[in-house]
Amino acid sequence: MSSKMVKNIIGVLLGNTIYALAVLLFIVPNGLITGGSTGLAIAANHVFHIPITAFVSIFNIGMFVVGFIFLGKAFALSTLISTFYFPFILSVFENTIGYTQLTTDPLLAAILGGVLIGSAIGIVIKCNASTGGMDIPPLVINKKIGLPVSASMYAFDFLILLMQVFYTDREMVLYGIVLVATYTIILDKVLVVGKAQTEVMIVSAKYVEINNAIIQELDRGTTMLKSISGYMKNEYPVIMSVVSNRELPKLNELVLSIDEHAFMVVSKVNEVRGRGFTFKKEYIQS
């Protein structure tokens, strides 16, 4: 077993453990409503008195079968750990720490629960796996009719929230919306952790010196884009480079030391793939 596979398995276990803690410490003790398979389990518990652990186990196994049929073996293997581990660790926590109410403020519970759930799902997805359950129907719909996964996932969560309106008050529905919104935002943030970089476009008459300085002093690649200035009609290339956030101040100082009149456009990018970022640098010896 490769080290990468071991890291992914550890990540999936960690993510599902965090998810279970969110359910036991914030969601259930404060009567919060949420989407996903956990939301369905809470609804089933209120209406039919089905234990949350039992419902999650049966539902996740059913969704695992659906994923295996419609999405293939590779996907099924990636969700196998989550499918069986989450109900297990939830049961372990139920029998040890129990449903512990860390705060009586439902808004604070919704925010903290959302942070934990979003972090948990993000960790699992970054390990090329799935938390199973209600993650699977949106993926099947996307494969069959091309509807974006996010759109159908939000729709399912909204419907699950509406299901819980019948046994909870309107205020709890609003807290549920806060919870779903929070873990959606945190999920997006977790997925780009360690991947976000800074793109810089530099316009200067001293492009040769600046280009060489970036390559030699920052050890970053550059791309020269052909351009013509709109007013003066000057024809010299725009230097494009991608650097880490830590390197940006050094790059700014470097450019201004060569040309204090240089024009720079700085923008954030969510992810950069290629040599020097997702692949190791290779140096060509002459």
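Mentor: Start with the elements. A helix is a DSSP run of H or I with at least four residues, and a strand is a run of E with at least two. By that rule this predicted model has 10 helices and 4 strands.

Trainee: What pattern does the protein follow along the sequence?

Mentor: It reads α-α-α-α-α-α-α-α-β-α-β-β-α-β.

Trainee: Why does Leu 40 count as buried?

Mentor: Buried means under 20% relative accessible area. Leu 40 has 14% relative accessibility, so it counts as buried. It lies in helix α2, residues 36–48. Across the protein, buried residues make up 42% of the 286 residues.

Trainee: Which residues does Leu 40 touch, leaving out those up to four places away in sequence?

Mentor: Phe 55, Phe 59, Met 134, Ile 160 and Met 163. A contact needs heavy atoms within 4.5 Å. Leu 40 and Gly 133 are 93 residues apart along the chain, and their C-alpha atoms are separated by 10.0 Å.

Trainee: Among contacts between residues at least 6 apart in sequence, what share joins residues at least 24 apart?

Mentor: That share is 75%.

Trainee: What makes a set of residues a nonpolar core?

Mentor: The residues must be buried, of the listed nonpolar types, and joined through side-chain atoms within 4.5 Å. The largest such core has 42 residues. Tyr 19, Leu 32, Phe 86, Leu 90 and Ile 117 have the most contacts inside it. Elements giving two or more residues to this core include α1, α3 (52–71), α4 (73–96) and α6 (136–145). The most comes from α1, with 9 residues.

Trainee: Which residues does Leu 90 touch, not counting those up to four places away in sequence?

Mentor: Ala 20, Val 23, Leu 24, Ile 52 and Thr 53.

Trainee: How do you know where empty space is left?

Mentor: Rolling a probe the size of a water molecule over the atoms shows it. A pocket is an open set of points, whereas in a cavity the probe cannot get out. The largest pocket here has a volume of about 540 Å³. Of its 29 lining residues, the closest to the centre are Ile 121, Thr 131, Asp 135, Met 153 and Leu 187.

Trainee: Which element gives the largest share of that lining?

Mentor: Helix α7, with 6 residues.

Trainee: How do the lining residues of the largest pocket divide by type?

Mentor: They divide into 14 nonpolar, 12 polar and 3 charged.

Note on methods: Residues numbered from 1 in each chain as written. Predicted model: local features only at pLDDT ≥ 70, side-chain atom pairs only at ≥ 80, totals over all residues. Heavy atoms only, no water. Buried < 20%, exposed > 50% of the residue type's maximum accessible area, 1.4 Å probe, protein only. 1 Å grid on protein atoms, 1.4 Å probe; cavity = no way out; pocket = protein on both sides within 12 Å on 5 of 7 lines; lining within 4 Å. Points joined across faces, edges and corners; volume = space filled by probe spheres on them. Nonpolar A, V, L, I, M, F, W, Y, C, P; charged D, E, K, R; others polar.
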